[in-house]
Amino acid sequence: MRVLGVDPGLTRCGVGVVEGVPGRPCTLIAYYVVHTDPDDELPLRLLHLDRSLTDLVAEHRPDAVAVERVFSQHNVRTVMGTAQASGIAVLAGARAGLPVQTYTPSEVKAAVTGSGQADKAQMTMMVTRLLRLPEPPRPADAADALALAICHVWRGGTRSKLAAAAERVRRGGTR
């Protein structure tokens, strides 16, 4: 399974692509940080993010997209930009006809480190180790996006299979 993970942000949006199967180490395909200029008008920033994510989905042809779920923050301005970037990421996956799954930061931390309370340094160290990289991916937005992709490979694949099985049972089939 190839997954494109997105750590949404309006100024810096991390994107990571990995391949793997549940229970096995993943393989790094690529990672990026899409930047937008805070001095640009919001519509231009969102358009740039949309085009960049659409291009990356087309280039890497993932099987799924994993996006960090926006959580409440004290700074409303920051959470609004993150939410807008998250919507663009979800849209990019949906437009390509891909399944899109969102994960909370604590879900990703638990999947990658074993603790939902891990800090940035622990997350980066585990992503580096799990992908067998010679050095940590930089900046942290890229490492976070890779963690999202790893989380989806390990948890989302199983979650998707369970949902599909439940849907078959709901429809009266057993296959």
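## Ground rules

Because the model is predicted, local features need pLDDT of at least 70 and side-chain atom pairs count only at pLDDT 80 or more, while totals for chains, interfaces and linings use all residues. Residues are numbered from 1 along each chain as its sequence is written, and side-chain values use heavy atoms, with hydrogens and water left out.

## The annotated site

Let's start with the UniProt record. An unreviewed entry there puts "active site" on Asp7, Glu68 and Asp141. Positions from UniProt are given in the numbering used here, with feature names shortened, and the annotations may be inferred rather than shown by experiment. The three residues are spread over 135 residues of sequence, yet they cluster in space, with a largest C-alpha distance of 11.2 Å. The unreviewed entry also lists Glu68 under "binding site".

Where does glutamate 68 sit? Its place is in strand E4, residues 64-68 (strands are DSSP runs of E, at least two residues; helices are runs of H or I, at least four; both are numbered from the N terminus). Glutamate 68 has 17% relative accessibility, so it counts as buried (buried is under 20% relative accessible area, exposed is over 50%, and partly exposed is in between, using a 1.4 Å probe and protein chains only). Leaving out residues up to four places away in sequence, Glu68 touches Val6, Asp7, Pro8, Ser86, Tyr103, Pro105 and Leu148 (contact means heavy atoms within 4.5 Å).

Aspartate 141 belongs to helix H5 and is buried too, with a relative accessible area of 11%. Beyond residues up to four places away in sequence, Asp141 touches Asp7, Arg12, Gly14 and Val33. The side chains of Asp141 and Arg12 are joined by a polar contact of 2.8 Å (a pair of N or O atoms within 3.5 Å; within protein, one must be able to donate a hydrogen and the other to accept it, and residues adjacent in sequence count only if both atoms are side-chain atoms).

## Around the site

Two partners from those contact lists are worth a look. Serine 86 is in helix H2, residues 76-95, and is buried at 8% relative accessibility.

Glycine 14 is in strand E2, residues 12-19, and its relative accessibility is 0%, so it counts as buried. Its contacts, apart from neighbours within four places in sequence, are Gly5, Val6, Asp7, Tyr32, Val33, Asp141, Ala142 and Ala145. Gly14 and Arg138 are 124 residues apart in sequence but 9.8 Å apart in space, C-alpha to C-alpha.

## The nonpolar cores

In soluble globular proteins, nonpolar side chains tend to be buried together. Here, the largest nonpolar core has 22 residues, and Val18, Val108, Val112, Leu131 and Ile150 have the most contacts inside it (such a core is a set of buried Ala, Val, Leu, Ile, Met, Phe, Trp, Tyr and Cys residues joined through side-chain atoms within 4.5 Å). The elements giving two or more residues to this core are helix H3 (105-113), helix H4 (120-130) and helix H5 (140-170). H5 supplies the largest share, 7 residues. Apart from this core lies another, of 19 residues, including Leu10, Val65, Ile88 and Ala92.

What does valine 112 touch? Not counting residues up to four places away in sequence, Val112 touches Met123, Met126, Val127, Leu130, Ala147 and Ile150.

## Helix H1

Helix H1 runs over residues 42-60, and at 1.5 Å a residue its 19 residues should span 27 Å, which agrees with its end C-alpha atoms being 27 Å apart (the expected span is 1.5 Å times one less than the number of residues). The buried residues of H1 are Arg45, Leu46, Leu49, Asp50, Ser52, Leu53, Leu56, Val57 and His60. Their cover includes strand E1 (2-7), E2, strand E3 (27-35) and H2. Just after H1, Arg61 takes a positive phi of about 45°.
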